[in-house]
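Subject: Structure handover

Hello,

Here is the structure for your files.

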Amino acid sequence: MQAQEATRHGWSHALMRRWPTAAALAAAVLVWGGGLGDLDEAVSGFGELVLVLALEYLILARIGRRGASWPVVGSMVVAMVVIGVQDAVPLSAVIAATALVLLVWEAVAGAPDGRAVFGAQAAGMVGFGAVALAGLAVDPDLGRYLVAAGWLLHGVWDAVHLKLDKVVSRSYAEACGVLDVAVAAMLVFLL
C-alpha cells in the first residue's frame, strides 16, 4: 500500500514539475482542434507568429527580467488580439516597429544583461524574421516548410535558452519549445 502511495505521489510530483510541457501540449491540441485553416492562412498566420516568438525574447533581453516571461507573453497575446480586432495596421508592421524601438533603446541605454546577450536576441530576431519572410515570399506549398523550419528552429532556440538558463524563465523556455516543435510538426504533417 505504501509503495502504491509513493508511486502515485511520484507521478503527481513529476507532472507538477512538467506543467510547462503539459500546458504546451494542451495549447497544441487547441491549435490543432481549432484548425490550421487553408494553406495560405496557415503560412501567413504562423509565419507572423514566428516573429512574435523572436520578439518576446528581444523584449525580455531588453528589460532584463526573466521572471517577466509569462506576463510579457500574456501582454503580447492581448496586444495581438487588439491589433487583429482593429485591423488598422498589420501585425508584422507592429512587430518590426517594436523591434526597431528596442534596438534603438538598447543602443542608447545599453541592455541590463549586456550587449552580447541582447545582440544574440537581436540576431535571433533578424534570423527568424528572414525565415518568416522567406516563407511568406514563396509559393505556399514551399512556404509551409520554411515556416515550419522557423518554428522548429525556435524550439531549438528555446532548448538552448533552457540549458543556459538565460533571458527567459525556465518554465517559459520549456513550454515554448514543446509548442514550437508541435506546431512545426502540424505544419509539415497536417496541412
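Predicted model: local features only at pLDDT ≥ 70, side-chain atom pairs only at ≥ 80, totals over all residues.

Residues are numbered from 1 along each chain as its sequence is written, and side-chain values use heavy atoms, with hydrogens and water left out.

Helix 3 with helix 7

Helix 3 spans residues 39-63 and helix 7 spans residues 140-164; helices here are DSSP runs of H or I with at least four residues, numbered from the N terminus. Their axes come within 9 Å and cross at roughly 25° (axes are lines fitted to C-alpha atoms over the stretch in contact, with angles from 0 to 180 degrees between N-to-C directions). Helix 3 and helix 7 are therefore roughly parallel (angles under 35 degrees count as roughly parallel, over 145 as roughly antiparallel). The crossing of helix 3 and helix 7 is left-handed, a term for a near helix turned anticlockwise from the far one by less than a right angle.

On the helix 3 side, the residues in contact (heavy atoms within 4.5 Å) are L39, D40, V43, F46, G47, L49, V50, L53, A54 and Y57. Helix 7 supplies P140, D141, G143, R144, V147, G150, W151, H154, W157, D158 and H161. By class, the contact of helix 3 with helix 7 has twelve nonpolar, five polar and four charged residues (Ala, Val, Leu, Ile, Met, Phe, Trp, Tyr, Cys and Pro count as nonpolar, Asp, Glu, Lys and Arg as charged, and the others, Gly among them, as polar).

Helix 3 with helix 8

Helix 8 covers residues 170-189, and its axis comes within 12 Å of that of helix 3, with a crossing of roughly 160°. Helix 3 and helix 8 are therefore roughly antiparallel, and their crossing is left-handed. A42, F46, L53, E56 and Y57 of helix 3 make the contact with Y172, A173, C176, D180, V183 and L187 of helix 8. Nine of the residues in the contact of helix 3 with helix 8 are nonpolar, none polar and two charged.

H161 lies in helix 7 and counts as buried at 7% relative accessibility (buried means under 20% relative accessible area, exposed over 50%, with a 1.4 Å probe and protein chains only). A polar contact of 2.9 Å joins the side chains of H161 and Q121 (a pair of N or O atoms within 3.5 Å, one able to donate a hydrogen and the other to accept it; residues adjacent in sequence count only if both atoms are side-chain atoms). Apart from neighbours within four places in sequence, H161 is in contact with Y57, Q121, K166, V167 and V168.

S69 is in helix 4 (residues 69-86) and is buried, with a relative accessible area of 0%. A polar atom of the S69 side chain lies 2.6 Å from the backbone oxygen of R66. Not counting residues up to four places away in sequence, S69 touches L60, V168, S169 and Y172.

Two positive phi values

Most residues other than glycine have a negative phi. V167, in the loop between helix 7 and helix 8, has a positive phi near 70° and is buried at 5% relative accessibility. D87, in the loop between helix 4 and helix 5 (91-109), has a positive phi near 50° and is exposed at 65% relative accessibility.

Regards

Key:
Parallel < 35°, antiparallel > 145°, perpendicular 65-115°, else oblique.
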